[in-house]
Amino acid sequence: MRVDIFTIFPEFFSVLDVSLLGKARTSGLLELGVHDLRDFTTDRHRSVDDTPYGGGAGMVMKPEPWGQALDSVVTPASTVIFPSPAGEVFTQRRARDLSTREHLVFACGRYEGIDQRVIDDTASRAEVIELSLGDYVLNGGEVATMAVVEAVGRLVPGVVGNPESLTEESHEDGLLEYPSYTKPAEWRGREVPPILLSGHHAQIAAWRRQQQIERTRRVRPELLPDELRELD
Ligand code: ADE
């Protein structure tokens with residue numbers, strides 16, 4: 001998979017050199033380009049924003065640098081992601097979907113967002129998805145891009161060494177994850193649930209499933225499938 005990121009803060013993405021995604025880059029599973037939006041400006045001040053038509057607070061990102069920047073990499077085979085609090089909420093389902101793409105392009109907006117014509121123009125040439133990390137406002141798209149790149153990158157075949165560890169996670173089966181324990185069997189007077197030491201695989205699986213259901217009911221009841229909802 002190839003990933004291109006456009007931002008006015010390229011240094012933000014230096015952390016993608018470390019950990020699993022860093023390894024994926026070294027091994028060639030993930031090709032990453034981080035580009036400074038200001039390199040696509042033509043004026044002396046390298047300006048990327050201007051006041052909004054119609055008035056209002058804040059600044060809007062100018063269309064020209066974004067047009068030049070996206071023209072340099074976008075093809076009809078690209079998927080272009082605009083992180084935005086006004087986008088669809090990013091989920092594990094969307095992460096799985098994006099992990100099958102050949103080329104992802106992230107356009108990190110700042111200020112009050114990017115001139116809408118950039119999004120409309122890009123959508124006439126490639127697939128465009130506006131993605132929100134959640135119902136809160138960040139200062140720009142960089143943190144959201146980092147989250148999406150990590151969630152998608154680890155689903156690219158070969159990036160995570162043991163693919164089984166991907167299927168037993170929160171959200172993969174629609175429920176939150178069960179609690180995990182390792183040695184020692186007792187720590188600060190707290191014991192590991194005895195069932196986990198029993199060696200009864202079927203009973204352990206049943207206990208874990210029950211823990212998932214209880215945790216989801218307590219913390220995220222809206223995620224529970226209808227058949228697991230308690231009637232009251
Ligand atoms: N930019 C600002 N807020 C955001 C959010 N919640 N998700 C994605 N991009 C954003």
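The legends below describe views of a predicted model.

**Figure 1. Overall fold of the chain.** The secondary structure of the chain consists of seven helices and nine strands. The radius of gyration is 22 Å, well over the 17 Å that the globule rule gives for 232 residues, so the chain is more spread out than a compact globule. Of the 232 residues, 24% count as buried. Among contacts between residues at least 6 apart in sequence, 75% join residues at least 24 apart.

**Figure 2. The two domains of the chain.** Domain 1 covers residues 2–163, and domain 2 covers residues 168–228. Taken over C-alpha atoms, the centres of domain 1 and domain 2 are separated by 35 Å.

Figure 3. An unreviewed UniProt entry assigns residues 1–224 the annotation "domain: tRNA methyltransferase TRMD/TRM10-type". Over residues 1–224 the chain is 30% helix and 19% strand. The end C-alpha atoms of this stretch are 33 Å apart.

**Figure 4. Residues around the ligand.** The shell around the ligand includes Pro83, Ser84 and Pro85. Strand S5 (residues 78–89) supplies the largest share of this shell, three residues. Also surrounding the ligand are Ser132, Leu133, Gly134, Tyr136, Val137, Leu138, Gly140, Gly141 and Ala144. By class, the shell has seven nonpolar residues, five polar residues and no charged ones.

**Figure 5. Positions annotated as a binding site.** The feature "binding site" in the unreviewed UniProt entry is placed at Gly109, Leu133, Gly134, Asp135, Tyr136, Val137 and Leu138. Among these annotated positions, Leu133, Gly134, Tyr136, Val137 and Leu138 are also listed in the shell around the ligand.

Figure 6. Asp135 lies in the loop that runs between strand S7 (127–132) and helix H5 (142–153). Asp135 has 7 other C-beta atoms within 10 Å and is therefore exposed. The UniProt record includes Asp135 in its "binding site" feature.

**Figure 7. Close-up of Leu138.** Leu138 is found in the loop between S7 and H5. With 15 other C-beta atoms within 10 Å, Leu138 is partly exposed. Not counting residues up to four places away in sequence, Leu138 touches Leu133, Val143 and Ala144. Two of these contacts, Leu133 and Ala144, belong to the residues that surround the ligand, as does Leu138.

Key:
Residues numbered from 1 in each chain as written. Predicted model: local features only at pLDDT ≥ 70, side-chain atom pairs only at ≥ 80, totals over all residues. Near = placed C-beta within 6 Å. Helix = DSSP H or I, 4+ residues; strand = E, 2+ residues; numbered from the N terminus. Nonpolar A, V, L, I, M, F, W, Y, C, P; charged D, E, K, R; others polar. Rg over C-alpha atoms; globule rule 2.2 N^0.38 Å. Buried ≥ 20, exposed ≤ 12 C-beta atoms within 10 Å, placed from the backbone. Contact = placed C-beta atoms within 7 Å. UniProt positions renumbered as here; feature names shortened; annotations may be inferred. Domains from an automatic or database assignment.
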